[in-house]
Amino acid sequence: MEHDAPQTSALAAGLKARCPRCGEGALFRSGLVLRERCERCGLSFAFADSGDGPAVFGILILGIVVLAGALILEFKVGPPVVVHVIVWGLLTPLVAFFLLRVLKATLIALQFKHKAEEGRLAPPD
Ligand SMILES: [Zn+2]
């Protein structure tokens, strides 16, 4: 991993979906697909492997937001069921996509900052 000290915080890089080293180049080519390298500083994103982390955190956060929203809407307004289907049917995928993008970028920035790599066996003495 080409490693220099990050010039931005992991949270800022994650929220803006930017390169974890320079904080300026875009991290994603489209949607949730990573670019091969940073267009500004040339950092290769081959090291980036956030695994299932963004999905796990996203499910937990999204579950709380959608359940709380549905309960509040039901008990404050009491709309027909079709309103719940429309509101939560539209909002849930949109919030899930936004959360996945932010969480994936943040976990990659944290991986870069803490130099987290796959474990390797030490060479024999
Ligand atoms: Zn960069």
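Modeller: Let's start with a definition. A salt bridge is a side-chain nitrogen of Lys or Arg within 4 Å of a carboxyl oxygen of Asp or Glu. Keep in mind that this is a predicted model.

Colleague: What makes Arg 40 and Glu 24 a salt bridge?

Modeller: The closest N and O atoms of Arg 40 and Glu 24 are 2.8 Å apart. The cut-off is 4 Å, so the pair counts. It links distant parts of the chain, 16 residues apart. Arg 40 sits in the loop between β2 (33–34) and α2 (53–76), and Glu 24 in the loop between α1 (10–16) and β1 (28–30).

Colleague: Why is Arg 40 called exposed, and why is Glu 24 called partly exposed?

Modeller: Arg 40 has a relative accessible area of 58%. Exposed means over 50%, so Arg 40 qualifies. Glu 24 has 45%. That value falls between 20% and 50%, so Glu 24 is partly exposed.

Colleague: How many salt bridges are there by this rule?

Modeller: The count comes to two. Arg 35 and Glu 39 form a salt bridge, with their closest N and O atoms 3.7 Å apart. That is within 4 Å, so this pair counts too. Arg 35 is partly exposed, at 27% relative accessible area. As a general point, side chains of opposite charge can pair when their charged atoms come close.

Colleague: Now the metal. How do you know which residues are the protein donors of the zinc ion?

Modeller: By distance. The SG atoms of Cys 19, Cys 22, Cys 38 and Cys 41 lie 2.3 to 2.4 Å from the zinc ion. In sequence, the donor residues are spaced C-x2-C-x15-C-x2-C. Cys 19 lies in the loop between α1 and β1 and Cys 38 in the loop between β2 and α2, so this pair ties together parts that are 19 residues apart in sequence. Both Cys 19 and Cys 38 are buried.

Colleague: Why is the zinc site called tetrahedral?

Modeller: The angles among the four donor atoms run from 106 to 118°. The rule asks that all angles lie between 85 and 135 degrees, so the site is tetrahedral.

Colleague: What makes Cys 22 buried?

Modeller: Cys 22 has a relative accessible area of 13%. Cys 22 is in the loop between α1 and β1. Its C-alpha atom is separated by 5.3 Å from that of Gln 7, 15 residues apart along the chain.

Colleague: Which residues touch the most other members in the largest nonpolar core?

Modeller: Leu 27, Leu 43, Phe 45 and Phe 47, out of 14 residues. Helix α3 (residues 81–113) gives the largest share of this core, three residues. Another core, of five residues, lies apart from it, and includes Leu 62, Val 66, Leu 99 and Leu 103.

Colleague: How many aromatic pairs are there?

Modeller: One. The ring centres of Phe 47 and Phe 112 are 5.7 Å apart, within the 6.5 Å limit, so the rings pair. Their planes stand at 45°. Stacked needs under 30 degrees and edge-to-face over 60, so this pair is tilted. Phe 47 is in the loop between β2 and α2 and Phe 112 in helix α3, 65 residues apart. Both are buried.

Colleague: Last one. What is noted about the phi of Ala 17?

Modeller: Ala 17 has a positive phi of about 55°, although it is not a glycine. At 8% relative accessibility, Ala 17 counts as buried. Lys 115 also has a positive phi of about 55° and is not a glycine. Lys 115 counts as exposed, at 54%.

Terms used:
Residues numbered from 1 in each chain as written. Predicted model: local features only at pLDDT ≥ 70, side-chain atom pairs only at ≥ 80, totals over all residues. Heavy atoms only, no water. Helix = DSSP H or I, 4+ residues; strand = E, 2+ residues; numbered from the N terminus. Buried < 20%, exposed > 50% of the residue type's maximum accessible area, 1.4 Å probe, protein only. Donors = N, O, S within 2.8 Å, 3.2 Å for Na, K, Ca; no water. Tetrahedral: all angles 85-135°; square planar, octahedral: opposite > 155°, others 65-115°. Core = buried A, V, L, I, M, F, W, Y, C linked by side-chain atoms within 4.5 Å. Phe/Tyr/Trp six-rings, centres within 6.5 Å; stacked < 30°, edge-to-face > 60°.
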